[in-house]
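Colleague: I am new to this structure and would like a short tour. Could you show it to me, please?

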There are 2 protein chains.
Amino acid sequence: MAQRSCCLIDREMPSLDTGRMRQLAALARALADETRLTLLALLVQQKEPLCVCHLVERVPVGQPTVSHHLRILRQAHLVTVERRGTWAYYQATPLARAALAALEQVLAEQVAT
Amino acid sequence: MAQRSCCLIDREMPSLDTGRMRQLAALARALADETRLTLLALLVQQKEPLCVCHLVERVPVGQPTVSHHLRILRQAHLVTVERRGTWAYYQATPLARAALAALEQVLAEQVAT
DNA sequence: CATCTGTATCGACGTTTGTCAATGCATTTC
DNA sequence: GAAATGCATTGACAAACGTCGATACAGATG
């Protein structure tokens with residue numbers, strides 16, 4: 001038991017910040033749904049804020065579900081809302097643009113490999 | 001009903017490739033767990049492949065669970081295995097390095113905002 | 001050869017998650 | 001003012017997910 005045979009040398013393994021890992025996982029979880037990602041992509045391609053009714057039209061789920069996903073995106077700081085009268089206008093944050101671009105880039109790398 | 005009042009002008013909304021969205025979501029889902037992300041981060045910091053027993057020591061879950069997560073990472077092309085005798089040596093792929101770096105960068109942007 | 005060890009798989013369990021129908025509320029529209 | 005509309009919330013439900021203990025199996029160790 002003195003020395004395991006699997007790896008003769010001791011691995012240098014700096015400890016990881018679990019708080020940071022939790023944050024990263026939370027961010028990934030906010031992106032880990034097709035519907036949510038589609039909503040986000042729609043918002044990212046728009047310069048002007050978009051109201052919920054238009055989003056509902058573009059996604060194969062009901063309005064309450066869209067509302068639910070938008071809340072999750074909001075809590076992850078990926079979108080912001082501005083209410084004008086009855087309508088709610090959503091907008092992608094710079095964070096969302098970065099996140100989506102990052103995922104796309106990783107996917108491109110996956111294809112290339 | 002002729003024209004909705006929410007947005008007077010019609011939005012130009014190019015259709016999104018649902019297949020691509022599904023792929024992106026799958027990738028995000030593979031990253032959307034703290035334990036998995038920690039395993040991946042450990043592998044990314046290593047130059048040499050790492051055996052499972054060392055990974056198990058570094059994460060607060062049992063060996064079967066680590067094995068389960070490693071399978072998911074494998075299926076997402078984020079790690080590769082090489083079996084040598086009883087031992088299984090895991091290694092992060094370039095895709096994993098890109099993905100983790102991307103997430104970190106996005107998080108940094110979140111803090112800055 | 002017999003035992004021990006490292007890893008993967010299986011079955012079960014509790015939790016989380018995505019979706020919907022129903023409802024509520026605020027504001028617009030007539 | 002009354003009806004209609006846009007959005008959020010609630011409660012319910014099924015599916016997906018993370019974890020564990022038990023087990024299987026291959027290869028190492030003695």
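**A conversation about the model**

Modeller: Helix α2 (residues 34-44) of chain A has 10 of its 11 residues buried, so it is largely enclosed by the rest of the structure. Helices (H or I, at least four residues) and strands (E, at least two) are DSSP runs, numbered from the N terminus. Buried means under 20% relative accessible area, exposed over 50%, and partly exposed in between (1.4 Å probe, protein chains only).

Modeller: This is a predicted model, in which local features need pLDDT of at least 70, side-chain atom pairs count only at pLDDT 80 or more, and totals for chains, interfaces and linings use all residues. Residues are numbered from 1 along each chain as its sequence is written, chains are lettered from A and ligands numbered from 1 in the order in which they are written, and side-chain values use heavy atoms, with hydrogens and water left out.

Colleague: Which residues of α2(A) are buried?

Modeller: Among them are A:Thr35, A:Arg36, A:Leu37, A:Leu42 and A:Val44. At the start of α2(A), the backbone nitrogen of A:Thr35 has a side-chain oxygen of A:Asp33 within 3.0 Å.

Colleague: Now B:Met13: buried or exposed?

Modeller: B:Met13 is buried, with a relative accessible area of 11%. It is placed in the segment before α1 (18-31) of chain B.

Colleague: What does B:Met13 touch?

Modeller: Leaving aside residues up to four places away in sequence, B:Met13 touches A:Leu42, A:Gln45, A:Gln46, A:Leu50 and A:Arg58; contact means heavy atoms within 4.5 Å. A:Leu42 is also one of the buried residues of α2(A).

Colleague: Where do β2(B) and β3(B) come in?

Modeller: Strand β2 (residues 79-84) and strand β3 (residues 87-92), both of chain B, pair in the antiparallel sense over 6 bridges; pairing requires that DSSP finds at least two bridges between two strands. B:Val81 has B:Tyr90 in β3(B) as its bridge partner. The two strands form a hairpin with 2 residues between them, and B:Gly85 in the turn has a positive phi of about 65°.

Colleague: And how far apart are B:Met13 and B:Ser67 in space?

Modeller: They are 43 Å apart, C-alpha to C-alpha, and 54 residues apart in sequence.

Methods:
Polar contact = N/O pair within 3.5 Å; in protein donor to acceptor, adjacent residues only side chain to side chain.
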